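Please read them with the structure open.

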Amino acid sequence: MSDERYKARQQKVKEQVDERVAAAQIEKGLLLVITGNGKGKSTSGFGMITRATGHGQKCGVAQFIKGTWECGERNLLEKCGVEFHVMATGFTWDTQDKAADTQAAQEVWQECKRMLADPSYDVVLLDEMTYMVTYGYIELDEVVEALENRPSEQSVIITGRAAHRTLTEMADTVSEVRNVKHAFDSGIKVRKGIDW
């Protein structure tokens, strides 16, 4: 392709992008849902928390399903003032105690509701929240109400597999992470700094 033809093509692309940018005039906090069976949903959510923190924004994180093990993201982000609330019971297939898991989820959810009602929080990550709704630990209606009534400039990120259709319909952005290949399926152990 000649330089002249390339330049003309890129100019057309630029005009299209500029037109879309000019048309996007709504200012509001976003609801993002990152779902699917692939690896990287929580990592993506933490990437946005890191980005917002880097811009001086106040962030809060709730980790559902997670255990008491070390968490690289928490190690870093707590030092930067990010507030964390961790369910700290581990995976539900390990605990096998629905009552205890529900109680732990409800305790974290109370902190989530507080953050979601507080306009000083710019971004809140509800990591693995989809499971809480699926398992019935937290009522979908409560989640919807808290999301609908949050401050208008507050963004919320929800991660986890099998996001409820109501949450995906409410969301401004939905990303589905698809599993193409995963090291664990080949018998490779999880790796510090990559998986946790």
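1. Start with a helix pair. Helix 5 passes helix 7 in a left-handed crossing. Bear in mind that this is a predicted model.

2. Next, the geometry of that pair. Helix 5 covers residues 98-116 and helix 7 covers residues 140-148. Their axes lie 9 Å apart, and the packing angle is about 20 degrees. Angles under 35 degrees count as roughly parallel, so helix 5 is roughly parallel to helix 7.

3. Which residues make the contact? Helix 5 contributes Trp109, Lys113 and Leu116. Helix 7 contributes Glu142, Val143 and Ala146. Sorted by class, the contact between helix 5 and helix 7 has four nonpolar residues and two charged ones, with no polar residues.

4. Helix 1 spans residues 3-23. UniProt, in an unreviewed entry, places the feature "domain: Cob(I)alamin adenosyltransferase N-terminal" at residues 3-21. In the model, residues 3-21 are 100% helix and 0% strand. The end C-alpha atoms of that span are 26 Å apart.

5. Lysine 14 forms a salt bridge with aspartate 18. Their closest N and O atoms are 2.5 Å apart, inside the 4 Å limit for a salt bridge. Both residues lie in helix 1, four residues apart, which is about one turn of the helix. In total, the count comes to six salt bridges.

6. Last, the overall layout. The protein has eight helices and six strands. From the N terminus on, the elements run α-β-α-β-α-β-α-α-β-α-α-β-α-β. The C-alpha trace spans about 65 × 45 × 35 Å along its principal axes.

Technical notes: Residues are numbered from 1 along each chain as its sequence is written. This is a predicted model: local features need pLDDT of at least 70, side-chain atom pairs count only at pLDDT 80 or more; totals for chains, interfaces and linings use all residues. Side-chain values use heavy atoms; hydrogens and water are left out. UniProt positions are given in the numbering used here, feature names are shortened, and annotations may be inferred rather than shown by experiment. Helices (H or I, at least four residues) and strands (E, at least two) are DSSP runs, numbered from the N terminus. Axes are lines fitted to C-alpha atoms, for helices over the stretch in contact, and angles run from 0 to 180 degrees between N-to-C directions. Angles under 35 degrees count as roughly parallel, over 145 as roughly antiparallel, 65 to 115 as roughly perpendicular and the rest as oblique. A crossing is left-handed if the near helix is turned anticlockwise from the far one by less than a right angle, and right-handed if clockwise. Contact means heavy atoms within 4.5 Å. Ala, Val, Leu, Ile, Met, Phe, Trp, Tyr, Cys and Pro count as nonpolar, Asp, Glu, Lys and Arg as charged, and the others, Gly among them, as polar. A salt bridge is a side-chain nitrogen of Lys or Arg within 4 Å of a carboxyl oxygen of Asp or Glu.
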